[in-house]
Amino acid sequence: TSPNGKYAYALNFSGNTVSQYSITSGKLTAMTTPTIATGASPLCITISPDGNYVYVTNYADATVSQYMVGSGGALTKLSTATVATNGVGPAGIVVR
């Protein structure tokens, strides 16, 4: 959930996507673009404290997908969409 409580994101491990939702009165509503692609087997997600960026670890290809959060909460891939983790099967991520 975004820091402002207006948006939620859910990982789809087998589908290699992030589902995007807006939250109104506690109810989730799929965004106009309901999903955005990740790397292979997305496992963990974190949102920057300022709510401007989202990062997803991709277990099967050992990468991190990077997104910018738009004014309506929709994710857009950064110009460098994925970066290598220099490890195998990343299982978590933290942004402070």
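This report describes the strands, core, hairpins and selected residues of a predicted model.

## Basis of the description

The model is predicted, and local features are reported at pLDDT of at least 70, side-chain atom pairs at pLDDT 80 or more, while totals for chains, interfaces and linings use all residues. Residues are numbered from 1 along each chain as its sequence is written, and side-chain values rest on heavy atoms, with hydrogens and water left out.

## Overall form

The chain has 0 helices and 7 strands; helices (H or I, at least four residues) and strands (E, at least two) are DSSP runs, numbered from the N terminus. From that terminus on, the elements follow the order β-β-β-β-β-β-β.

Along the principal axes, the C-alpha atoms fill a box of roughly 40 × 30 × 20 Å. The accessible surface comes to about 5,300 Å², and 53% of it belongs to carbon and sulfur atoms; the areas come from the Shrake-Rupley method with a 1.4 Å probe, and for residues only the protein chains shown count as cover.

Of the 96 residues, 35% are buried. Buried means under 20% relative accessible area, exposed over 50%, and partly exposed in between (1.4 Å probe, protein chains only). Among contacts with a separation of 6 or more, 36% are between residues 24 or more positions apart, where contact means heavy atoms within 4.5 Å.

## The sheet of β1, β2 and β3

An open sheet of 3 strands has the order β1-β2-β3, with antiparallel pairing. Its edge strands are β1 and β3, each of which pairs on one side only. From one strand to the next, the twist averages 25°; axes are lines fitted to C-alpha atoms, for helices over the stretch in contact, and angles run from 0 to 180 degrees between N-to-C directions.

Strand β1 (residues 7-12) is joined to strand β2 (residues 17-24) by 6 bridges in the antiparallel sense; two strands count as paired if DSSP finds at least two bridges between them. Within this pair, A8 stands opposite Y21 and A10 stands opposite S19. The hairpin has 4 residues between the strands, and N16 there takes a positive phi near 55°. N16 is a residue other than glycine, and at a relative accessible area of 28% it is partly exposed.

## The hairpins around β5

Strand β4 (residues 42-47) pairs with β5 in the antiparallel sense over 5 bridges, and I47 has V54 as its bridge partner in β5. Between these two strands lie 5 residues of a hairpin, in which G51 has a positive phi near 80°.

On to the next strand, β5 is joined to β6 by 6 antiparallel bridges, with N58 opposite T63. This hairpin has 4 residues between the strands, and A62 takes a positive phi near 50°. Strand β5 is mostly covered, as 5 of its 6 residues are buried.

## The nonpolar core

The largest nonpolar core has 11 residues: Y7, Y9, V18, M31, I36, I47, V54, V56, Y67, V69 and L75. Such a core is a set of buried Ala, Val, Leu, Ile, Met, Phe, Trp, Tyr and Cys residues joined through side-chain atoms within 4.5 Å. Two or more of its residues come from each of β1, β3 (27-37), β5 (53-58) and β6 (63-69). In soluble globular proteins, nonpolar side chains tend to be buried together.

Not counting residues up to four places away in sequence, Y9 touches V18, S19, Q20, I45, I47, V54, V69, G73 and L75.

## The segment after β7

N86 lies in the segment after β7. Its phi is positive, about 60°, although N86 is not a glycine. Most residues other than glycine have a negative phi. N86 is exposed, with a relative accessible area of 78%.

G92 also has its place after β7 (75-84) and counts as partly exposed at 46% relative accessibility. G92 and C44 are 48 residues apart in sequence and 5.5 Å apart in space, C-alpha to C-alpha. Leaving aside neighbours within four places in sequence, G92 is in contact with C44 and T57.
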